[in-house]
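Please look over the notes below alongside the coordinates. They are set out as numbered points.

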Amino acid sequence: MPAAELVDPMPFSWWWPWVAGAIVVLVAAWFVGVLLWTRRPAGAPPEPTPAPAARPAAKASADPWAMLRATTLARLDEVERRYRAGDVDARGAHLELRAAVREFATVRTGVDTTTMTASQARERRETRPLAPLLEQSSVPAFARSSRTRVTRSLDQARARVRSW
């Protein structure tokens, strides 16, 4: 390419440096504004610290998981009621059973079990009691048809919730 055909780049317009400066000033003002608006007023009393959580009285319940157990058992009863009423089929009942037991296990152990497989549950000491339930309910929950009875699965789930 001949040197005579080369053209210098076009210079910036005169107003671009002013726009850049205005953006810098606006960002700095935003930071200062956030700092000022989130501060407590000078004469305001300090916020009270939350009281530590009260422990349940020893006489009230020896089992700290009694409320969780009762809630989960009621949920399993609801699954059975809906199955008997015909609102949900065997597959749907097993899916709801699995969800209820997984929620119980998550709260009980502190480990997220919502997507845990039976083999993953078996690997962790905290979730090991969940593994047999997941294995027993996986075929009826995901197969087109199954011979597993819903009432039997619900009885096993109730037994596990009561004993865990």
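The points below cover helix packing, a salt bridge and a surface patch.

1. Basis. This is a predicted model, in which local features need pLDDT of at least 70, side-chain atom pairs count only at pLDDT 80 or more, and totals for chains, interfaces and linings use all residues. Residues are numbered from 1 along each chain as its sequence is written, and side-chain values use heavy atoms, with hydrogens and water left out.

2. α2 against α3. Helix α2 spans residues 66–85 and helix α3 residues 90–109. Their axes lie 10 Å apart, at an angle of about 175 degrees (lines fitted to C-alpha atoms over the stretch in contact; angles run from 0 to 180 degrees between N-to-C directions). The two are therefore roughly antiparallel (over 145 degrees). Contact (heavy atoms within 4.5 Å) involves residues including Leu68, Leu76 and Val79 of α2 and Leu97, Phe104 and Val107 of α3. By class, this contact has eleven nonpolar, one polar and six charged residues.

3. Arg75 and Glu103 join through their side chains at 2.7 Å, N to O (the criterion is a side-chain nitrogen of Lys or Arg within 4 Å of a carboxyl oxygen of Asp or Glu). Arg75 sits in α2 and Glu103 in α3, 28 residues apart. The whole structure has ten salt bridges.

4. α2 against α6. Helix α6 covers residues 150–163. It packs on α2 at about 175 degrees, with axes 10 Å apart. That makes α2 roughly antiparallel to α6. Among the residues in contact are Leu73, Leu76 and Tyr83 of α2, with Leu154, Ala157 and Val161 of α6. The classes here are eight nonpolar, three polar and six charged.

5. Surface patch. Which residues make the nonpolar patch of about 1,300 Å²? They include Trp14, Trp15, Trp16, Trp18, Ile23, Trp30 and Phe31. Patch members have over 30% relative accessible area and no salt bridge, and nonpolar side chains are joined within 5 Å. Areas use the Shrake-Rupley method with a 1.4 Å probe. Ile23 belongs to helix α1, residues 16–37 (a DSSP run of H or I, at least four residues).

Terms used
Patches are made of residues with over 30% relative accessible area and no salt bridge: like charges are joined within 9 Å, nonpolar side chains (Val, Leu, Ile, Met, Phe, Trp, Tyr) within 5 Å. Angles under 35 degrees count as roughly parallel, over 145 as roughly antiparallel, 65 to 115 as roughly perpendicular and the rest as oblique. Ala, Val, Leu, Ile, Met, Phe, Trp, Tyr, Cys and Pro count as nonpolar, Asp, Glu, Lys and Arg as charged, and the others, Gly among them, as polar.
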